[in-house]
Amino acid sequence: MSQEAQFEVALSFLPYVGDQLTKVLVSYCGSAKAVFDAPVPKLMKVPGVGERVAKSIRDNGRHALLEADEVLKKAADRSVQLLFYTSPQYPNRLKQLPDAPPLLYFRGNTDLNHRRIISIVGTRKPTSYGQSVTERIVEELKPYNVMIVSGLAYGIDIAAHRAALQAGLPTIGVMASGPDTIYPGVHKKYAEKMLEQGGVITENTFGTKPDAPRFPARNRIIAGMSDCTIVIEAAFKSGTLITADIAHSYDKEVMAVPGNINSPMSEGTNWLIKSHKAAVLTSTQDLIELLNWDVEDKLASKRAAAIPVLDPADFTPEEMQVLQVLIQSGEEQMDNLGWKSQVPVNQLASVLLSLEFKGMVKAMPGKRFALIR
């Protein structure tokens, strides 16, 4: 682990510094270490940081670094990877979201940026119909080499993980506890298999109990990590619908399996379909068509032809970082461009100006910048 890793972990132990502010601080200061080195007046110039927060960072910095040191030792002892949002191993789909956790604790052996990732969620009390549909969907996804993400909970969640393990597909369990606590304990044997064929991930540090408020927060990671969230059986008021709502708010695809109108476990899924918050999934082909997997390779080759070929010799490393972000998104607001490209804010304006002179980007109203294709 690098020395910078200690500062990255320490940010999560600072009072008043949440997910979004962590990224803004690193963007404006240039690195996690620079946040701890910055004097109060400099910190107060960062958007969202007033005098109270700036002084708190200075006053609590040493204690946060000591806590981070303990975390690094535990992570090394227990084979836990600490993924800061600037890490190449951090899930890219999640990284793009404003409320993504800056730090993830990961145990496992898979690529979190797998080409195709689907979340499957549902009730903790499934019917035999829900169980069999889950197994069928996962089995039919096998030819597409899909990663299956779920919450390791009773019911549909564990059925999805189990089916993925049987199909030989990688599967990730997103936990509301710390990385050292598998909850519920009866699923430990599946979690251990998943470490060899996927893994488990959480934003919570060692020793964190799976308290009720942590589950909705956990659900945003399930929704954010994947290309589409599939809901299979859910009561009308349930955590599953929270996950679907979050996915919908992220402009991610949501699909729901219609169910028996007499079953309470179908009320949530049927409502999602009726309210147009989810597309209907009656066969795996529906998912494949919705996500354009059947024509994806053709589209990818067309897109590749449209992307400019960049010679690194023509650009500075910082210019290349900005261009890579704009190639992905087309255009971006300046603050977002800062943390997505990892170019410090004090350098970003001159980097963008240089790219304008080189005819690569254009400035737009509202401090937005777009790639010139």
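**Exercise 1. The largest nonpolar core**

Which residues touch the most other members of the largest nonpolar core?

*Solution.* This is a predicted model, in which local features need pLDDT of at least 70 and side-chain atom pairs count only at pLDDT 80 or more, while totals for chains, interfaces and linings use all residues. Residues are numbered from 1 along each chain as its sequence is written, and side-chain values use heavy atoms, with hydrogens and water left out.

Step 1. A nonpolar core is a set of buried Ala, Val, Leu, Ile, Met, Phe, Trp, Tyr and Cys residues joined through side-chain atoms within 4.5 Å. Buried means under 20% relative accessible area, exposed over 50%, and partly exposed in between (1.4 Å probe, protein chains only).

Step 2. The largest such core has 67 residues, and Leu25, Leu43, Leu82, Ile172 and Met225 touch the most other members. Helix H5 contributes the most to this core, nine residues. Helices (H or I, at least four residues) and strands (E, at least two) are DSSP runs, numbered from the N terminus.

Step 3. Another core, of 24 residues, lies apart from it; Leu141, Ala160, Ile230 and Leu291 are among its members.

**Exercise 2. The packing of H7 and H8**

Describe how helix H7 (residues 128-141) meets helix H8 (residues 156-167).

*Solution.* Step 1. Two packed helices are described by the angle between their axes and the distance between the axes. Here the axes come within 9 Å and cross at roughly 35°. Axes are lines fitted to C-alpha atoms, for helices over the stretch in contact, with angles from 0 to 180 degrees between N-to-C directions.

Step 1. Contact means heavy atoms within 4.5 Å. On the H7 side, the residues include Gly130, Thr134 and Val138, and on the H8 side they include Ile156, Ala160 and Ala164.

Step 2. By class, the contact has seven nonpolar, three polar and three charged residues. Ala, Val, Leu, Ile, Met, Phe, Trp, Tyr, Cys and Pro count as nonpolar, Asp, Glu, Lys and Arg as charged, and the others, Gly among them, as polar.
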